[in-house]
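Please open the structure in a viewer and keep a selection tool at hand.

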Amino acid sequence: MVLVVDDDPDILEALSEILEAEGFEIRRARNGKEALERLEPDPPHLILLDLMMPVMDGWEFAQRMRQKPAFAGIPIIVLSADRNVGSKAKDIGAMGHLAKPFELNDLLSMVRQSLSPSADTSRV
């Protein structure tokens, strides 16, 4: 299951529909606060995380999530329009990042790689 976290309703819907069409089970959240609530009772296998969101941004979400041992190992892929997305993804321990706008094939490849049993869980 993939948790998609983005405050832009169009992006959230598009990502969810694309991933569902590819056979992935999806859970959605519009900000970090909602995302924290969506971690239980069945934690996702991967989180696609926007960084710049109201209520609770991706940075704070990642910090809070990593403080809970049950969720600390869930891989994160950062999706952001921020020009420094690479360094910010590294700062939160993300396993990957894509700058918006991104190529759909790049996203699907990264998601599949992240969810494969042999995925390297080392950080960026």
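For the charge count that follows, Lys and Arg are taken as positive and Asp and Glu as negative, whereas His and the chain ends are left out. The model is predicted.

**Stop 1: the charged side chains**

Select the charged residues of the protein. There are 14 positive and 21 negative charges, and their mean positions lie 6 Å apart.

**Stop 2: the whole chain**

The protein has 5 helices and 5 strands, and from the N terminus the order of elements is β-α-β-α-β-α-β-α-β-α. With a radius of gyration of 13 Å, close to the 14 Å of the globule rule for 124 residues, the protein is as compact as a globular protein of that length. Along the principal axes, the C-alpha atoms occupy a box of roughly 30 × 30 × 30 Å.

Of the 124 residues, 46% are counted as buried. As for contacts between residues at least 6 apart in sequence, 59% connect residues at least 24 apart.

**Stop 3: residues 1–115**

Select residues 1–115, where an unreviewed UniProt entry places the feature "domain: Response regulatory". This stretch is 41% helix and 19% strand.

**Stop 4: Asp50**

Select Asp50 and locate strand β3, residues 46–50, in which Asp50 is found. The unreviewed UniProt entry lists Asp50 under "modified residue: 4-aspartylphosphate". Is Asp50 buried or exposed? Its relative accessible area is 4%, under the 20% limit, so Asp50 counts as buried.

Now show the residues around Asp50. Neighbours within four places in sequence aside, Asp50 is in contact with Val5, Asp6, Asp7, Gly58, Leu79, Ser80 and Lys100.

**Stop 5: Arg30**

Move to Arg30, in the loop that links β2 (26–29) to α2 (32–37). The relative accessible area of Arg30 is 52%, over the 50% limit, so Arg30 counts as exposed.

Which residues does Arg30 contact, leaving aside its neighbours within four places in sequence? They are Asp6, Asp7, Leu12 and Met53. Asp6 and Asp7 were also among the contacts of Asp50.

Finally, draw a distance between the C-alpha atoms of Arg30 and Asp82. These two residues are 52 places apart in sequence and 18 Å apart in space.

How values were computed: Residues numbered from 1 in each chain as written. Predicted model: local features only at pLDDT ≥ 70, side-chain atom pairs only at ≥ 80, totals over all residues. Heavy atoms only, no water. UniProt positions renumbered as here; feature names shortened; annotations may be inferred. Helix = DSSP H or I, 4+ residues; strand = E, 2+ residues; numbered from the N terminus. Buried < 20%, exposed > 50% of the residue type's maximum accessible area, 1.4 Å probe, protein only. Contact = heavy atoms within 4.5 Å. Rg over C-alpha atoms; globule rule 2.2 N^0.38 Å. Charge placed at Lys NZ, Arg CZ, Asp CG, Glu CD.
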